[in-house]
Amino acid sequence: MDSNNVNGKLTKADALTRLNRFTLLCALLASTNSILLGYDIGVMSGAALLIRENLKISRVQEEVLVGSLNVFSLIGSLASGKTSDWIGRRYTIVLAAATFLAGALFMSLAPSFPLILVGRIVAGIGVGYALMIAPLYTAELSPAMTRGFLTSLPEVFITLGILLGYVINYALSGLPPHLGWRLMLGLSAIPAIGIALGVIAMPESPRWLAMKGRVADAKRVLLSMSSNPEEAELRLQDIITNSASSAHGPNDWHGQGVWKELLLRPSRPIRRMLISAIGVNFFMQASGNDAVIYYSPEVFRAAGIHSKKELFGVNVIMGLAKSSFVLLSALYLDKFGRRPLLLLGSIGMVVSLSGLGLGSKILEASTRKPVWAVVLCIVAVCADVSFFSIGLGPITWVYSSEIFPMRFRAQGSSIAISVNRLVSGVVSMTFLTISKKITFGGMFFVLAGIMVVATIFFYVFMPETKGKTLEEMETLFEDNNNKQSHDGGTEMRVV
């Protein structure tokens, strides 16, 4: 028996390790919000081809159509921090699902390109809210030792959404174009309705309740999410100690003043947190992963695959590979830590994108399209999305939601995820145009170079957070005379 437990008392370490079933259920329900973005990414790769065929839109209009959701999700991301501090995490999840539902219905019923665009703008705002609030809510519910797994669930659901979108594309590819794309986009309303109804079973975040001075309510939630009352009390005391450091009275505080402290006069730990969170979100989208998924049919069409069934079938294979590896990463994230998987994933993406660039260049220079080069491109794309799912995919959401102190958490995360959305929109809206100028092969080599820079950034700036409570993060990011923070032999130079 553990010596710390001889007297039958629960230690802090024990409390941080337990995973309550109700906590898992709430994390799953909150994370299903992210399936909305995943489904859109997956289904839009096929719907865009049908819309282009049906409405005779140009390639530039196709880029605008695809990228507009990501650009306007910036609005939801920016507003989500303040909104969730004001109305709570739970109702922000409802708002995200309701906004996306309205946009999805508008898109599926729109008679023209401009009106489809309006629907995507509305849906994009909902996605912006969902991407910030799902990992944030989950992080605030989770014990430290299982937080990596639980907070990576949004990426798992994004990936499952992508796979679902691919399967729907394949299943509906035989329908007339004018009907096919409407069904593809309209079906996304179903998960949005399910999410809004599922919130009924979810409690409010105990950390938000404590921050608002509702300690009794916070304790009630923790009792339902802990293995016993002693564990709930330990977690509550940590939360109260942290929330007591707020400069504002808890009852009348709605997030005011946080942006000023984050951007204009941040302390050294806060500045390092902001750099790390913005950096990992920037490189997540600068890697081009979303664009590769959105436009993979265009890439494979250029490689010589022209049948819609074959194009969508390759997408399903890619979705299966991505789903398998994100589940693997989620299961082992708390065992191996954030940094090793992040570095492994980013190095793997460099190799995969280089292979994809090489295969594309060979196909561009060949009139006969050698089969081995086509196979190389397919394998390289599957490897790229798989390595993304091991590292950047899940770890970006985990890191963004866990490193900020409680008072800064919602709005700090919203700033970082706004950068994510902006870069995603820019990449999605320029990918085809740039590829036309420098070829697909040239574009993939550029993305490989970006991932080399990303790997260096991750190694230098991002400490290991495995096993730390949310209340311990500020200490982790404090300047400790350039000591190296390490976990299991993985080191980081403090900058």
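Start with cysteine 382. It counts as buried, because its relative accessibility is 12%. Buried means under 20% relative accessible area, exposed over 50%, partly exposed in between, with a 1.4 Å probe and protein chains only. Cysteine 26 is buried too, at 0%. How many disulfides does a search of the whole structure find? It finds 0. A disulfide here is a pair of cysteine sulfur atoms within 2.5 Å.

A word on the source. This is a predicted model, where local features need pLDDT of at least 70 and side-chain atom pairs pLDDT 80 or more, while totals for chains, interfaces and linings use all residues. Residues are numbered from 1 along each chain as its sequence is written, and side-chain values use heavy atoms, leaving out hydrogens and water.

Now helices. These are DSSP runs of H or I, at least four residues, numbered from the N terminus. H8 (residues 153–172) and H9 (residues 177–186) cross at roughly 155 degrees, and their axes come within 10 Å. Axes are lines fitted to C-alpha atoms over the stretch in contact, and angles run from 0 to 180 degrees between N-to-C directions. So H8 is roughly antiparallel to H9; that term needs an angle over 145 degrees. Who touches whom? Ile168, Asn169 and Leu172 of H8 meet Gly180, Leu183 and Met184 of H9. Contact means heavy atoms within 4.5 Å.

Last pair. H3 (residues 35–55) packs with H6 (residues 113–141) at about 170 degrees, axes 13 Å apart. Therefore H3 is roughly antiparallel to H6.

Note on methods:
Helix = DSSP H or I, 4+ residues; strand = E, 2+ residues; numbered from the N terminus. Parallel < 35°, antiparallel > 145°, perpendicular 65-115°, else oblique.
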